[in-house]
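Biologist: I would like to learn how to read a model of this kind, one feature at a time. Could we go through it together?

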Amino acid sequence: MLFAYILKRLIWSIPFLFAVSLVAFALISAPPGDYVATFAATLAQSGDVVDQARLEALRERFGLDQSFLVQYWRWITGVLRGDFGISFEWQQPVADLIWERMGLSVALAAATLLFTWAIAFPIGIYSAVRKYSFGDYVISAIGFIGLSIPNFLLGLVLMYVSVVHFGHDASGLFSEQYQQAPWTWDKVVDLLKHLWVPVIILGTSSTASLIRIMRANLLDELHKPYVTTARAKGLSEMALLVKYPVRLALNPFVSTIGWAFPQLVSGSVIISYVLSLPTAGPLLLQALLAQDMYLAGAFILLLCCLSVVGMLISDILLAVIDPRIRYR
Amino acid sequence: MTLDTRQHPSTDQASQWRLMWWAFRRHRLAVFGLFLVALLYFIAAFAEVLAPYDPDQSNARAINHPPQALHLIKATPDGGWTIQPHVIGMALKRDPITLATTFTADPARTVDITLFGKGTPVKMWGLFTIERRLLAAKVPGERFYLIGADRLGRDMLSRIIAGTRISMSIGLIGVLMSLVLGIFLGGVSGYFGGWIDASVQRIVEFKLAMPTIPIWLGLSAALPQDWPPTWRYFAITVILSLIGWTELARVVRGRFLALRTEDFVTAARLDGCSQLRIIFRHMLPSMVSHIIASVSLAIPMMIIAETSLSFLGLGLLPPTISWGVLLKEAQNVRSIAEAPWLFSPGVAVCVAVLALNFLGDGLRDAADPYAQEGR
Amino acid sequence: MVIAPPPVIEIRNLVTEFATRHGPFRAVDDVSFTLHRGKTLCLVGESGSGKSVTARSILQIVDPPGRIISGEVKLHRHHTARGASQGDNIVDLAALDPRSAAIRAIRGRDIAMIFQEPMSSLSPVHTIGDQIGEAIRLHESVSRKEARARAIELLRKVEIANPDKTVDRYPFEYSGGMRQRAMIAMALACSPGVLIADEPTTALDVTTQAEILALIRKLQDDDGMSVLFITHDMGVVAEIADEVAVMRFGKIVEQGDTLSIFEKPQHDYTKMLLGSVKQLDRPSERRLKRRAEKPLGDVLLKVSGLTKAFHIDRGAFFKKTDPLLAVNEVSLSLRAGENLGIVGESGSGKSTLGRCILRVYDTSAGTVDYTAKDGVTRNLAALSETQLRAARRELRMVFQDPMSSLNPRMTVAQIIGEPMLVNGLYQGRALTDRVGELLELVGLPKSAMERYPHAFSGGQRQRIGIARAIALDPRIIIADEATSALDVSIRTQVLDLLLDLQERLDLSFIFISHDIAVIRYFCDRIAVMYKGRIVESGPTEQVCTDPQHPYTQALLSAVPHPDPRMRGTRIRTRYRETS
């Protein structure tokens, strides 16, 4: 039953991925003028000789004189082979530029998600069980504030505080000596040392919203008749809480992975820019502003795919923990 | 367990709006939020009168001018005192070696401030010219900076007030646009059901599967850079509402589906009501409160989105003034270390978002005054 | 004189209050009673009487903000705990901390409890076996494997088929009756001395109810369990109680052994309660008198071969549709001035039938021929929504739920005025006058007009719904479970109101109900529905006293009789479909 559900869900995500790629491509082809013109302009600006034959070759390669669908077809078949086109600005294949940055973005998002859960889960339960207590009010107040501060602003404030009061630069993900270094154990440790700043900044608002979700869900469940049944059995309050209402309140919580994770990955775009982290964000922004189409397209496509995959994972997890879903 | 409601005769004749108001009033924070939101929209509406100066007027002698505290009581030359709002003047000093400029307080010089004094003439709502400002220097031409000036010597207070109009209105208009889209699609989906519902649901699912921020960025980046500010303003609003309609559509559809099976709607149909009358007379009144609550929770999202986009240079662009555009000035650590008051638009963003969230939360809890019954 | 068995639970002066915004609300007010070993005590009362809170107070599981203020709940543990010491061991449960280990050791072991809604009272994400096993492992140190084996044994004991397979199923895979059986199995897990059953059969169909009652009785005989049975249904009381306590507004107004309560009630409230129950279950005198005076008229409505199929989507990859025939080739007719009852259990399609006649749902096949005031006969099944408007003025509906059938956002005047307004009959002042007239007709004061539905009780709301139905001068009213949500004392009042209106306004009724007693009181003819079909129809008295179809026989044999002397005199039959 579960297997059939997963299979069905997997098959469903194929047309989704297709539509997503179409949207991503439409988005990058939207600006007026074709890329080669932009490219030529960039070359001319930097004083290079504009080689008409090479431009023609590029036009030919990407089929820029062809219809939208033909261009899309060339692009997507390239992507499926791992060829994302070339970056006009960097004069490099896009594939060479994106993977490490995407990897760091995902690592940052994963760390943030863990942080968010570790905080939101117990606090949400506390807040619901001790509803209207002093602690609940404090948590709600902090949560409200956490939700209300745009995270780039939080990043700015944190940077300001660390520079002005501690004389320490909070930006970046690596110390200077590791920036260009190949991956070693020491570099990972260095990464972890730097990671907490963006994790806190990025995680604040999603932690706040997850606490609210957990609290509301649990409050709904706490007065359900099955809780009374369990109490009438002689279960202790703590065991009862964990086995029944928390277990059921987990459902909507799990379904948040679907949006929380991809949202964290793409949400980190802005904060990465503020903190100048070597993740996908700043490069995507730069590519968008410079109309570096294939680079921007690759990022948008990958971020969209991540969202689809996130939805898939949370649906599957939901089916695993809730029998009602896989039988529907 | 139902308590006997007849104990409280006043509630018997209370309409849903009065019941909602009673429920809302119990939420202290929400009432406070309502007050703040009203204040912010008041500021947005009367920005020209409330701003002491023209927000675009630069002043080479006031570059990064620090904030001046407002004093109320002033010593008179004869040793007594009088109530006269004023600020202490500041003198500009230039270090001969580094050429860095510093401001130092100059107690000898004060700038007196009057209420509704004369300032530079400005076109109110683009319709008629006014001269009076809420706060103005007593001596025309003198300048005061209550929350400092930016790198071109422009008054931050005036700029934030001008930004309030753009930022608060972009949230409102964006939400109204997504509301139209959301109500239309959600309503069609929820009322008719069947394949229409299924296809609208697919669209919503697809929309939800798309990561918001990259799409925003991509769409905004696709806007031509040379568009006039008003076009850009509307284009950004449209982009924001394109992203925001799904949540509203979800709410509307959910309410429609729930209401469609309610017996009182069937009863209305059997009473002989037309479809339009069923929707507008019987179903909508039960939804309006929920819609208002969702709207007030969606506005802060829009404000944050606009601020973020403009901050990245992809949203509104100068000379348009919005909180996000202002915050762009505070982008690097060096400039904020020098002039921390450049953060002040950020405070405005937080206050607005917080107030709207409080308001929305209170509205959501009060939206269904009949749900609490019997609990 | 038989020596009374020893007491197991003695409740003395119990008071439970709920803190509300308008001060404390006393749900249980100075309640005292004694439950004897091996006996069944029925705590009976209407909604809001505090009977359920009393039951929960015993185990201290009243949901906050409710709490016990004073009183004693003395449990004689030497009669309840298995293997307990021989000497007297009396515990005052009300004095224990609701979170203490002491009271937890009693919950589920000495006293077990089952609830009204078996679906929501079981966790939807744990298997039945898990939930029963937990009850065992809480009080006895047994391994998981043993607990599972015991759970299977318990399921077998409560007569669930294939227990070794069903033990691993989830509650949503069980039927309503099976869920309640599983609840009982869970309650029996530690062989408790006392079972508290809080309206355990209210959510069930009458045939399932009879099975569950029989099961409880059998288990009680086997184990010598004491049962505290909470119910609102006097029929159930007569069926199972040894002793009865009648509750109203948080107080016990009368208690005693079953026979004396039923035959010599002392308190007015008990008399009224029994009166309204006994009044039902036999034809209304008034109706019979009226029919003798004025014979039935011509056929107004003729339904033939009416079928309604719902399509349910199934299948993972390909849409396969299984049509579900909610109404399957139903034919019936209604004459002027006649009351036709349609009786059936949940899922029998009786409500769907009512809604198909009014075309709330489109029909799949068949005709609904209605002869209108103008003498023209039209097939309602074939009309468009606009064409139906004229017919819908003459055929009106009264709904089951008086809460959801009135728009909470409209005043009573607007609700009752709506049909007259949209049909252009009255406006302005005339409309207001007419609404006032209608309100008085249904026994409400004119001043009700300005109020909103939330200001009224269930019975009053149902009167507003009736006023709306008669506003257009209809000829036929389809009442869909119109009295089911009401307390029994209100039920007869509403039925009498309908009979009264029938005389004044020349109405005919199609009365849909699961409650045979109500139909017997109100209807001239009865049609019994089972799985979308009408299996038997005829004059009410004839069908009720001499049922022909085996399903009708099973249904009637399952109905509890509000007469304790009839207990055990009838043979209950079960209906199993052949094919």
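Biologist: Which residues does S284(C) touch, not counting residues up to four places away in sequence?

Modeller: This is a predicted model, so each value is computed from predicted coordinates. Leaving out residues up to four places away in sequence, S284(C) touches L499(C) and Y521(C).

Biologist: Where in chain C does S284(C) lie?

Modeller: S284(C) is in a loop of chain C, the one between α12 (268–279) and α13 (285–293).

Biologist: Is S284(C) buried or exposed?

Modeller: The cut-off for buried is under 20% relative accessible area. S284(C) has a relative accessible area of 2%, so this loop residue is buried.

Biologist: Let us turn to chain A. What is its secondary structure?

Modeller: Chain A has 14 helices and two strands. Its C-alpha atoms fill a box of roughly 85 × 55 × 35 Å along the principal axes. Of the 328 residues in chain A, 52% are buried. Among the contacts in chain A with a separation of 6 or more, 71% are between residues 24 or more positions apart.

Biologist: Next, the aromatic rings. How many aromatic pairs does the structure hold over all chains?

Modeller: A pair of aromatic rings is described by two values, the distance of the centres and the angle of the planes. Over all chains, the structure holds 19 aromatic pairs. One of them joins Y72(A) and W75(A): the ring centres are 6.4 Å apart and the planes are at 45°, so the pair is tilted.

Biologist: Where do Y72(A) and W75(A) lie?

Modeller: Both are in helix α4 (residues 68–80) of chain A, three residues apart, which is about one turn of the helix. Y72(A) has a relative accessible area of 4% and is therefore buried. W75(A), at 5%, also counts as buried.

Biologist: What about a pair that crosses between chains?

Modeller: F152(A) and F311(B) are such a pair. Their centres are 4.2 Å apart with 25° between the planes, and the pair is stacked. F152(A) belongs to helix α7 (residues 151–166) of chain A, while F311(B) belongs to helix α10 of chain B. Both F152(A) and F311(B) are buried.

Biologist: Which residues do ring pairs link into a cluster with Y72(A) and W75(A)?

Modeller: The cluster also takes in F18(A) and F25(A).

Biologist: Now the interface. How many residues of chain B are in contact with chain A?

Modeller: On the chain B side there are 39, in contact with 41 residues of chain A. The two chains bury about 3,500 Å² between them, and 83% of that is on carbon and sulfur atoms.

Biologist: How many salt bridges does the rule find across the interface of chain B and chain A?

Modeller: The rule finds one. The salt bridge is between the side chains of D361(B) and R212(A), at 2.8 Å from N to O. With both residues at pLDDT 80 or more, the count of residue pairs in polar contact between chain B and chain A is one.

Biologist: Which helices of chain B each supply at least two residues of the side that touches chain A?

Modeller: They are α6 (194–209), α7 (212–221), α10 (275–312), α12 (333–338) and α13 (344–366). The largest share, nine residues, comes from α13(B). By type, the residues on this side of chain B divide into 28 nonpolar, seven polar and four charged.

Terms used. Residues are numbered from 1 along each chain as its sequence is written. Chains are lettered from A and ligands numbered from 1 in the order in which they are written. This is a predicted model: local features need pLDDT of at least 70, side-chain atom pairs count only at pLDDT 80 or more; totals for chains, interfaces and linings use all residues. Side-chain values use heavy atoms; hydrogens and water are left out. Contact means heavy atoms within 4.5 Å. Buried area is the accessible area (1.4 Å probe) that two parts lose on being put together, summed over both. A salt bridge is a side-chain nitrogen of Lys or Arg within 4 Å of a carboxyl oxygen of Asp or Glu. A polar contact is a pair of N or O atoms within 3.5 Å; within protein, one must be able to donate a hydrogen and the other to accept it, and residues adjacent in sequence count only if both atoms are side-chain atoms. Helices (H or I, at least four residues) and strands (E, at least two) are DSSP runs, numbered from the N terminus. Ala, Val, Leu, Ile, Met, Phe, Trp, Tyr, Cys and Pro count as nonpolar, Asp, Glu, Lys and Arg as charged, and the others, Gly among them, as polar. Rings of Phe, Tyr and Trp (its six-membered ring) pair if their centres lie within 6.5 Å; planes under 30 degrees apart count as stacked, over 60 as edge-to-face and the rest as tilted. Buried means under 20% relative accessible area, exposed over 50%, partly exposed in between (1.4 Å probe, protein chains only).
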